[in-house]
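Thanks for coming. I will take a few minutes to go through one chain, starting with confidence and then moving to the fold and the side chains.

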Amino acid sequence: MKNIARIMMPIIVLSACSTAPKDRTLVFDGIENARELGGLVMQDGRTIRSGMLVRSGELSQASDRDVEVLKERFGLTDVFDFRFEMERSRKPDREMEGVKNTWLSTLPQAFLAAFASGRADSTIVRSANLMDALASYAFLPQAQEMADKLYPAIVSDTTSQRRYGEFLRGVLDADGGALWHCSQGKDRCGWGSAFVLAALGAGRETIVEDFALSNVSYQKAVEAVSATIIEKGGGEPELAFVRAMVGVSVENFERTLDLIDSQYGSLPAYLEKALGFTAAEQEKMKDKYLEGLPGR
């Protein structure tokens with residue numbers, strides 16, 4: 001289990017290559033898989049204000065230019081880091097003057113325990129060829145099962161729920177622009193974005209489309225590892241593992257949204273009942289980050 005956990009730790013450093021809409025894709029020197037939410041249209045016809053909400057990969061390699069853009073274009077005042085302790089210690093976020101960095105590890109406790117058990121061998125993670133390692137671990141049924149359980153665990157783990165609730169209140173209370181990230185900006189960050197979008201009144205299609213854009217950023221890497229899997233005789237279970245661990249599993253994301261709907265009735269209701277982010281706070285979030293008139 002601990003070896004699988006080390007390999008599944010989302011620390012792959014890749015170059016962004018996005019063909020997502022130009023008005024939302026953000027190209028930085030040292031920040032991967034970045035985009036803003038501004039410009040997305042909500043179900044009531046209002047639009048998210050531009051230059052306020054950003055999602056991305058980790059910030060350890062942010063350049064001076066990156067910091068300048070985040071401060072000037074987005075008025076950045078608040079960063080929310082969803083990584084766990086070992087990730088943060090290996091690649092601490094760049095400090096930015098006047099920007100508050102809030103640590104809210106949202107990895108489910110069962111997964112966190114597995115990662116912690118491999119701490120003593122973390123040097124292996126730094127030196128190993130992670131692409132080859134992923135191609136090998138893709139053939140292990142327990143690794144495939146772990147990947148498949150990640151999203152349902154994120155939304156059902158009580159610690160993750162509490163911290164995502166704190167995150168939403170932090171975004172609501174931010175003095176300026178807000179940015180949230182994990183390591184690659186795809187899974188834990190993707191769920192954070194889904195919760196923000198749900199609070200703002202986005203429809204399911206918009207939420208899923210934004211989540212799926214991480215597959216554009218990591219398309220070349222997915223294709224490279226998938227080619228290795230096919231050469232080794234792998235089939236759909238192995239390829240699904242690669243798509244989930246190098247990119248994101250949109251299928252699993254949608255299944256987990258269905259799970260939320262079946263248990264809570266809707267994603268906004270889940271925010272209130274599981275994350276403690278009330279309907280009144282969701283309305284305040286809309287007032288703060290949306291522009292235009294409802295129904296127009």
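Start with residues 119–128, where pLDDT stays under 50. For that stretch the model has 10 contacts beyond four places in sequence. This is a predicted model, and that is why I begin with confidence. Across the chain the average pLDDT is 87, and 86% of the residues score at least 70. Residues 1–22 are another stretch with pLDDT below 50, and there the model has 68 contacts beyond near neighbours in sequence.

Now the overall picture. The chain has 296 residues, and 57% of them are buried. Its secondary structure comes to 16 helices and 8 strands. Its accessible surface is about 12,600 Å², with 51% of that belonging to carbon and sulfur atoms. If you take contacts with a separation of 6 or more, 76% are between residues 24 or more positions apart.

Next, the sheet. In what order do the strands of the open sheet run? There are 6 strands, in the order S1-S2-S4-S7-S5-S6, and the pairing is mixed. S1 and S6, the latter at residues 100–103, are the edge strands; each has a single partner, so one side of each lacks a neighbour in the sheet.

Leucine 76 has glycine 177 in S7 as its bridge partner.

Is S7 enclosed or open to the outside? It is largely enclosed by the rest of the structure, because 5 of its 5 residues are buried. In a regular strand the side chains alternate between the two faces of the sheet. In S7, Gly177, Leu179 and His181 point one way, Ala178 and Trp180 the other, and all are buried.

In soluble globular proteins, nonpolar side chains tend to be buried together. The largest core here has 54 residues, and the members that touch the most others are Leu53, Phe167, Trp191 and Phe195. The elements that each supply at least two residues include H7, H8, S7, H9 and H10, as well as H14, H15 and H16. H9 gives the largest share, 9 residues. Take phenylalanine 195 as an example: leaving aside neighbours within four places in sequence, its contacts are Val155, Tyr164, Leu168, Leu267, Tyr270, Leu271 and Leu275.

Now the charged side chains. How many salt bridges are there? The count is 23. One of them joins aspartate 148 and arginine 255, with the closest N and O atoms 2.8 Å apart. This pair links distant parts of the chain, with aspartate 148 in H7 (residues 141–156) and arginine 255 in H14 (residues 250–264), 107 residues apart. Aspartate 148 is partly exposed at 41% relative accessibility, and arginine 255 is partly exposed at 37%.

A second pair is arginine 65 and aspartate 29, where the closest N and O atoms are 3.7 Å apart. Arginine 65 is in H2, aspartate 29 is in the loop between S1 and S2, and 36 residues separate them. Aspartate 29 counts as exposed at 52%, whereas arginine 65 is partly exposed at 42%.

One last backbone detail. Most residues other than glycine have a negative phi. Asparagine 33 is not a glycine, yet its phi is positive, at about 50°. Asparagine 33 lies in the loop between S1 and S2. Is asparagine 33 buried or exposed? At 2% relative accessibility, asparagine 33 is buried.

Terms used:
Residues numbered from 1 in each chain as written. Predicted model: local features only at pLDDT ≥ 70, side-chain atom pairs only at ≥ 80, totals over all residues. Heavy atoms only, no water. Salt bridge = Lys/Arg side-chain N within 4 Å of Asp/Glu carboxyl O. Helix = DSSP H or I, 4+ residues; strand = E, 2+ residues; numbered from the N terminus. Buried < 20%, exposed > 50% of the residue type's maximum accessible area, 1.4 Å probe, protein only. pLDDT = per-residue confidence, 0-100. Contact = heavy atoms within 4.5 Å. Areas by Shrake-Rupley, 256 points an atom, 1.4 Å probe, with all protein chains shown as cover. Core = buried A, V, L, I, M, F, W, Y, C linked by side-chain atoms within 4.5 Å. Pairing = 2+ DSSP bridges.
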